[in-house]
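Have the coordinates open and follow along.

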Amino acid sequence: MNYSPAPLHIPDGFLTIVVSLIFWLITIIMVGLAVSKTNRSLGEKQVPIMGVMAAFIFAAQMLNFPIAGGTSGHFLGGTLAAIVLGPWAGILVMTAVVGIQALLFQDGGLLVMGANIFNMGILTAVIGYGLYRLVIHQKRGIRLAVAGGGAWIATMAAALTASLQLWLSGTTRLEIVLPTMLGVHALIGLGEALITVAALAYIEQTRPDILDVNNPAKEGGRGWIVSGVLISLLAVLISPLASGNPDGLEKVASDLGFLGSGLDAPYQLLPDYSIPFLGDTAISTILAGAVGAVVLIGLVVLLGRNLRRQKSG
Amino acid sequence: MHVDVFDQYHFTQSKVHDLDPRIKVLITVLFILSNALLPDGSWPAFALAWLFLLIANDQAGLGLGFTLKRSVVALPFALVAVSAIFSPYGSPLAVWDLGFITLYPTDLGLIRFFSIMVRSWLSVQVAILLVATTQFSDLLHALEHLRLPRTLTTIIAFLFRYLFVLTNEVFRILRAREARSAGLPGVKGGGSLPWRIKTTGSMVGQLFLRSYERSDRIYQAMISRGYTGHIRTLNPHHMNRRDWLILFISIFLLVIIQFVGWVR
């Protein structure tokens, strides 16, 4: 099948434990809220619908369109899901999509899934829906334009947080990853925005009842507007600031003590090749030798067994 | 596309296939956690972790190279970590003058880069092994036992089921586009970029409506067949003594790997 990994899915091993756990915590709180909200406001009927909608987002991500020079636009769908289904249901749907991409396709890791869900599910729902909710009673053209803008900002914000997570984990240099990620996603976000607008326009033309303002399934309070606008502003302000002056952000992070856990710890362990409590380099050499021997013997045994099995089978 | 794309390895019997899915999920997560906890450059520990993985592969009867062959999916993301090579914390090994920028690859940077790659490569493989040896319904059941909210597991179950139906729907839509986009050889087909985007948007909208209406019908059909909001599996999930034993052995081995990684 023609499934292509999107550049936003962070694999395991790229984020440190601390960063992974912080974002798991945020994600668990938000998804837990989403579960209890949808359980309360929607009937059990909504659950199968959300499942099929999640499958829709997944399938729609395969519909890519050629741009230029062999690259193709790619659809993420977080904003569309949040606008059509409502923000809480949108979060749940995107959580399921990211989860299954990690479980079945190894597109994105398990330990870092909290960060991935946060970037691609929660941020997109808050920004995309929050901005759309602001103009929900306006004319059609304004609504579509804001939906498109929201989709673009949401994609950029996801790229921004992914870059920051990678940088806090000491995986990349900020001055390299940030311009690259934001540059690539400025284009991807454009495709995302255009497809979101086109899909919304099509749905509104054929089934206006689904996008009806008075549909109780899409109820979301003013909190969405406030947080959506605030987070969009934050993303819009941070991106150029950080791209133009990564050293400044680095200084802020180290002042706040983030980098202490993110960057320095793994680096400082390396030059120190002494044993903390054995205190003898001879023992460390013996230990290393023993480990090497175990790995080697294990490999030989496994290979031998497999060769024999192939012969007899 | 059919469910068989993923399920073709599930129906063989092996010691790994027979394990309780909860144990498999736990060991997978612990293994990934252990990799993440290992310090940079602890090659002996990484080698031991790889051996652990090979033994699991072997016990699953899929062949030693099974997960290795499928692990290339994680490679594209490696590009992101390349800049770690130029870490300012180590001593420079060389000077690369590219004209517009001068790069200094450092020893610590290289160690960091390869450690990230090895961690990611090991973690991807254990996840591949989990999926290859566990039926999806069992996996969901395990997640439910591990306190994932029922709403979420049900959504994922539906997602998994209709993934294949809707993927085929996508293929139908794409085929329809192909069929209506005949072009002369050598002549650029299709319209302008805005036209293409509008067409793709209509395709997404069309797919959405088909899915939405289908989900309505599905729900009616399920209700009439006695759906109570819970998806069942035929496999009973009882932890027996062997499951506990495997779990403890695995934890013990992971502790040894951590020990080897941190003590040197």
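This is a predicted model: local features need pLDDT of at least 70, side-chain atom pairs count only at pLDDT 80 or more; totals for chains, interfaces and linings use all residues.

Start in chain B, where helix α2 (residues 21–37) and helix α7 (residues 136–145) have axes that come within 8 Å and cross at roughly 75°. On the α2(B) side the contact is made by B:P21, B:R22 and B:V25, while α7(B) puts in B:D138, B:L139, B:H141, B:A142, B:L143 and B:H145. Sorted by class, that contact has five nonpolar, two polar and two charged residues.

Stay with α7(B) for a moment. This helix is mostly covered, with seven of its 10 residues buried. The buried ones are B:F136, B:D138, B:L139, B:L140, B:H141, B:A142 and B:E144. And what sits over them? The cover includes α2 and α8 of chain B. Just after α7(B) you'll run into B:R147, which takes a positive phi of about 75°.

Now zoom out to the domains. The assignment for chain B gives domain 1 as 10–135 + 236–262 and domain 2 as 136–180 + 193–234. Taken over C-alpha atoms, the centres of domain 1 and domain 2 of chain B are separated by 32 Å. Their contact takes six residues from domain 1 of chain B and nine residues from domain 2 of chain B. On the domain 1 side, the residues divide into two nonpolar, three polar and one charged.

Next, turn to where the two chains meet. This contact takes 81 residues from chain B and 78 residues from chain A. On the chain B side, the elements that give two or more residues are α2, α3 (43–59), α5 (78–81), α6 (107–133), α8 (150–179) and α9 (193–224). Which of them gives the most? That's α9(B), with 20 residues. By class, the side of chain B that touches chain A splits into 55 nonpolar, 17 polar and nine charged residues.

Over in chain A, you'll find 11 helices and two strands. Reading along the sequence, the pattern runs α-α-β-β-α-α-α-α-α-α-α-α-α. Of this chain's 313 residues, 49% count as buried. Among the contacts in chain A with a separation of 6 or more, 77% come from residues 24 or more positions apart.

What about the core? In soluble globular proteins, nonpolar side chains tend to be buried together. Here the largest nonpolar core has 152 residues, and those with the most contacts inside it are A:A54, A:A55, A:L92, A:V93 and B:L159. Its largest share, 16 residues, comes from helix α6 (residues 140–168) of chain A. Pick out A:L92 and look at its neighbours: leaving aside residues up to four places away in sequence, A:L92 touches A:V31, A:A34, A:V35, A:T38 and A:M50, along with B:T151, B:L152 and B:I155 from chain B.

Finish with a residue in a loop. A:H137 lies between α5 (113–134) and α6 of chain A. Is A:H137 buried or exposed? A:H137 is exposed, because there are 9 other C-beta atoms within 10 Å, and a residue counts as exposed at 12 or fewer.

Key: Residues are numbered from 1 along each chain as its sequence is written. Chains are lettered from A and ligands numbered from 1 in the order in which they are written. Axes are lines fitted to C-alpha atoms, for helices over the stretch in contact, and angles run from 0 to 180 degrees between N-to-C directions. Helices (H or I, at least four residues) and strands (E, at least two) are DSSP runs, numbered from the N terminus. Two residues are in contact if their C-beta atoms, placed from the backbone, lie within 7 Å. Ala, Val, Leu, Ile, Met, Phe, Trp, Tyr, Cys and Pro count as nonpolar, Asp, Glu, Lys and Arg as charged, and the others, Gly among them, as polar. Domain bounds come from an automatic or database domain assignment. A residue is buried if 20 or more other C-beta atoms lie within 10 Å of its own, exposed if 12 or fewer, and partly exposed in between; C-beta atoms are placed from the backbone. A nonpolar core is a set of buried Ala, Val, Leu, Ile, Met, Phe, Trp, Tyr and Cys residues joined through C-beta atoms within 7 Å.
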